[in-house]
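Dear colleague,

Please find the structure below, handed over for your own work.

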Amino acid sequence: MNQVADNFNTVKHYPLRTFNRAAMAFNLLEDGGEYACQEYLDQFVDEDKKAISILYMYIDKIGLDKVRAAVMKGLDFKDE
C-alpha cells in the first residue's frame with residue numbers, strides 16, 4: 001500500500017471505529033485488491049480483526065443500513 005490508510009485510532013466510540021475500519025478494508029479490497037486489504041488488516045490485533053469479521057457477518061445477516069444505524073446509536077454529535 002503506497003499511502004497510509006487511516007486506522008481510526010482517534011475514534012473513541014469502538015463500534016464506529018470498527019465500522020470505519022471494516023469500510024476501509026472493503027474499499028481497499030475493491031480498489032487495491034486482496035493484498036492491499038490484507039496489508040491494512042495486518043496492523044490490527046486479533047481482537048480488532050475479530051470485531052471487523054463479526055461486523056461483516058452482521059452486515060450479511062441484517063443489512064448495511066441496520067448495522068450502520070446500530071453503530072450510530074449512542075453517539076453524541078457536538079460542535080467542537
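**Salt bridges**

A search across the whole structure, which is a predicted model, finds two salt bridges. One of them pairs R21 with D48, and the closest N and O atoms of this pair are 3.2 Å apart. Since R21 belongs to helix 1 and D48 to helix 3, the pair ties together parts that are 27 residues apart in sequence. Both R21 and D48 are buried.

The other salt bridge joins R68 to D65, again with 3.2 Å between the closest N and O atoms. R68 and D65 are three residues apart in helix 4, so about one helical turn separates them. With a relative accessibility of 36%, R68 counts as partly exposed. D65, at 57% relative accessibility, lies over the 50% cut-off and therefore counts as exposed.

**Overall architecture**

The chain contains four helices and zero strands. Read from the N terminus, its elements follow the order α-α-α-α. Of the 80 residues in the chain, 29% are buried. The chain exposes about 6,100 Å², and carbon and sulfur atoms supply 52% of that area. Among contacts between residues at least 6 apart in sequence, 55% join residues at least 24 apart.

**Helix 1 and its surroundings**

Helix 1 has 19 residues and covers residues 14-32. From its first C-alpha to its last, helix 1 reaches 26 Å, close to the 27 Å expected at 1.5 Å a residue. The buried residues of helix 1 are L16, R17, T18, F19, N20, R21, A22, A25 and L28. What covers them includes helix 2 (34-41), helix 3 (46-62) and helix 4. After helix 1 comes G33, which has a positive phi near 95 degrees.

How do helix 1 and helix 4 pack, and at what angle? The angle between helix 1 and helix 4 (residues 64-72) is about 145 degrees, and their axes are 8 Å apart. On the side of helix 1, the residues in contact are P15, L16 and F19; on the side of helix 4, they are L64, V67, R68, V71 and M72. By class, this contact has seven nonpolar residues, no polar ones and one charged residue. R68, listed in this contact, is also the partner of D65 in the salt bridge described above.

**Segments outside the helices**

F8 is located in the segment before helix 1. Although F8 is not a glycine, its phi is positive, at about 60 degrees. Most residues other than glycine have a negative phi. F8 counts as buried because its relative accessibility is 15%, under the 20% cut-off.

Beyond helix 4, the following segment holds G74. Is G74 buried or exposed? G74 has a relative accessible area of 75%, so this residue is exposed. G74 and H13 are 61 residues apart in sequence, while their C-alpha atoms are 9.0 Å apart in space.

With kind regards

Technical notes. Residues are numbered from 1 along each chain as its sequence is written. This is a predicted model: local features need pLDDT of at least 70, side-chain atom pairs count only at pLDDT 80 or more; totals for chains, interfaces and linings use all residues. Side-chain values use heavy atoms; hydrogens and water are left out. Axes are lines fitted to C-alpha atoms, for helices over the stretch in contact, and angles run from 0 to 180 degrees between N-to-C directions. Helices (H or I, at least four residues) and strands (E, at least two) are DSSP runs, numbered from the N terminus. Contact means heavy atoms within 4.5 Å. Ala, Val, Leu, Ile, Met, Phe, Trp, Tyr, Cys and Pro count as nonpolar, Asp, Glu, Lys and Arg as charged, and the others, Gly among them, as polar. The expected span of a helix is 1.5 Å times one less than its number of residues. Buried means under 20% relative accessible area, exposed over 50%, partly exposed in between (1.4 Å probe, protein chains only). A salt bridge is a side-chain nitrogen of Lys or Arg within 4 Å of a carboxyl oxygen of Asp or Glu. Accessible areas come from the Shrake-Rupley method with a 1.4 Å probe; for residues, only the protein chains shown count as cover.
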